[in-house]
Amino acid sequence: MRALTWHGRRDVRVDTVPDPQIKEPTDVIVRITSTGICGSDLHLYEVLGPYLDAGDILGHEPMGIVEEVGAGVSALAPGDRVVIPFNVSCQHCFMCEQGLHSQCETTQVRERGMGASLFGYTKLYGQVPGGQAEFLRVPFGDSLPIKVPQGPPDERFVYLSDVLPTAWQAVEYAAIPPGGTVTVLGLGPIGDMAARIALHRGASLVIGVDLVPERLSRAAARGVKALDLSSYGKNLPDAIRDLTDGRGTDSVIDAVGMEAHGAPVAKAAQWVTGLLPDAVAQRLMENAGIDRLHALYTAIDVVRRGGTISLSGVYGGMADPMPMLTLFDKQIQLRMGQANVKRWVDDILPLLDDTDPLGVEGFATHSVPLEDAPKAYETFQAKQDGMVKTLLKP
């Protein structure tokens, strides 16, 4: 089959690799019809190379058609249409039963001290082959795949793999009070969708912050108060307070994470780490790694006293300096973590009807063949051509 594989920093290629095979009776093989490029994939493209091997298959946002089922699978049959959550979770362990599928005890990567395995996401998360490919082996065939109806286009359902549950959890964790206010930092796919969900769920004011004109105009068209960071600079917190009676918003969603602008020292450290031998780079990242924390510091500044910050952007540093005095003094609540995909599916599915209140059809700005994936990664990383969300079509 053809699959997108990692070969080095900013070097991804579409290679011919062996087809996946049924390994366990509970496995299914899915023929991928659509698969997204995620902002988190850019961390693999740029920063997390020390945890990848040449030839690793990337991607964790797939959907498709069941081609083959193991002998122990009864809930699915060939021809069924399914979306695959990015968490590899069993649904039956203690953590899964708490709705913490990203902490699944069956697939935890204990040798790395990490949570549940993820499709297509480095040795830190199990080195499981990903879904930017023609076919994917999916474990827990009776419980992990999300069966969806035939008929509507893939764009109706594919975001159940990651974007929708990640954004839904970001809003849930933000604890926006009824009729309250929220600032969303970063209007990439997750931030954009989180803003839409916050408005749908009744927020009276959603402020979206970004640097990319296309992202800002796209959010503004959906009712977001879009603020261009390049225009406000250090005055951004004051601008947000001016919109909220001098207090700041009730909640802030940080949908940026380690990719934040405005932290040149941390950016340089990440760059240098990526050039070191893997064993050295891993030790450095796991013991002394720092993130670009500009977005998080901004969140702490603009949230009102007694408010809540929800982190959905990925951070990976082990030595991040945190302003504990400010966090304590402002009585800020902080929630974060990988999305627990299956936890939110029942809440989201009713919104994926023909009324499409969240605008999932048309959410992708680009749809390209799998063979064009390397160019799409390059364009997405450079924030060019108005690219916000890309779907690959194997």
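In which helix is glycine 191 found? In this predicted model, for which local features need pLDDT of at least 70, side-chain atom pairs count only at pLDDT 80 or more, and totals for chains, interfaces and linings use all residues, glycine 191 is found in helix 4. Residues are numbered from 1 along each chain as its sequence is written, and side-chain values use heavy atoms, with hydrogens and water left out.

The mean pLDDT of the protein, where pLDDT is the predictor's confidence in each residue on a scale from 0 to 100, is 92, and 90% of the residues reach 70 or more. Over residues 260-273, however, the pLDDT is below 50, although this stretch has 24 contacts in the model beyond near neighbours in sequence, a contact being heavy atoms within 4.5 Å. Where pLDDT is low, the predicted coordinates should not be read in detail.

Helices (H or I, at least four residues) and strands (E, at least two) are taken as DSSP runs and numbered from the N terminus. Axes are lines fitted to C-alpha atoms, for helices over the stretch in contact, and the angles between N-to-C directions run from 0 to 180 degrees. On this basis, the axes of helix 3 (residues 163-174) and helix 4 (residues 189-200) come within 8 Å and cross at roughly 60°. That angle makes helix 3 oblique to helix 4, since angles under 35 degrees count as roughly parallel, over 145 as roughly antiparallel, 65 to 115 as roughly perpendicular and the rest as oblique. The crossing of the two helices is right-handed, a term applied if the near helix is turned clockwise from the far one by less than a right angle, and left-handed if anticlockwise. Val163, Leu164, Thr166, Ala167, Trp168 and Val171 in helix 3 meet Pro189, Ile190, Met193, Ala194, Ile197 and Ala198 in helix 4.

Helix 3 also packs with helix 12, at an angle of about 90° and with the axes 9 Å apart, and these two helices are therefore roughly perpendicular to each other. Here, Leu164, Pro165, Trp168, Gln169, Glu172 and Tyr173 in helix 3 meet Val341, Trp344, Asp347 and Ile348 in helix 12.

Leaving aside neighbours within four places in sequence, glycine 191 is in contact with Val184, Gly186 and Ala255. Glycine 191 and leucine 118, which are 73 residues apart in sequence, are 21 Å apart in space, C-alpha to C-alpha. In helix 10 (residues 294-302), the buried residues are Ala295, Leu296, Thr298, Ala299, Ile300 and Val302. The elements that cover these buried residues include strand 8 (181-185), helix 7 (236-242), strand 11 (249-254), strand 12 (303-311) and helix 11 (324-329).

A search of the whole structure finds zero disulfides, a disulfide being a pair of cysteine sulfur atoms within 2.5 Å. The sulfur of cysteine 90 is 3.7 Å from the closest cysteine sulfur, in cysteine 104, which is too far for a bond, and cysteine 90 is buried at 5% relative accessibility. For cysteine 96, the closest cysteine sulfur is that of cysteine 93, 3.7 Å away and likewise too far for a bond; cysteine 96 is buried, with a relative accessible area of 5%. Cysteine 93 lies in the loop between strand 5 (81-83) and helix 2 and is buried, with a relative accessible area of 9%. Not counting residues up to four places away in sequence, cysteine 93 touches Cys104, Glu105 and Thr106.

Most residues other than glycine have a negative phi. Glutamine 127, although not a glycine, has a positive phi of about 50°; this residue lies in the loop between helix 2 (94-97) and strand 6 (135-138) and is partly exposed, with a relative accessible area of 31%. Aspartate 356, also not a glycine, has a positive phi of about 45°, and is placed in the loop between helix 12 (341-348) and strand 14 (366-369), where aspartate 356 is buried, with a relative accessible area of 17%. Leucine 211, in the loop between strand 9 (205-210) and helix 5 (213-220), counts as partly exposed at 29% relative accessibility.

How values were computed
Buried means under 20% relative accessible area, exposed over 50%, partly exposed in between (1.4 Å probe, protein chains only).
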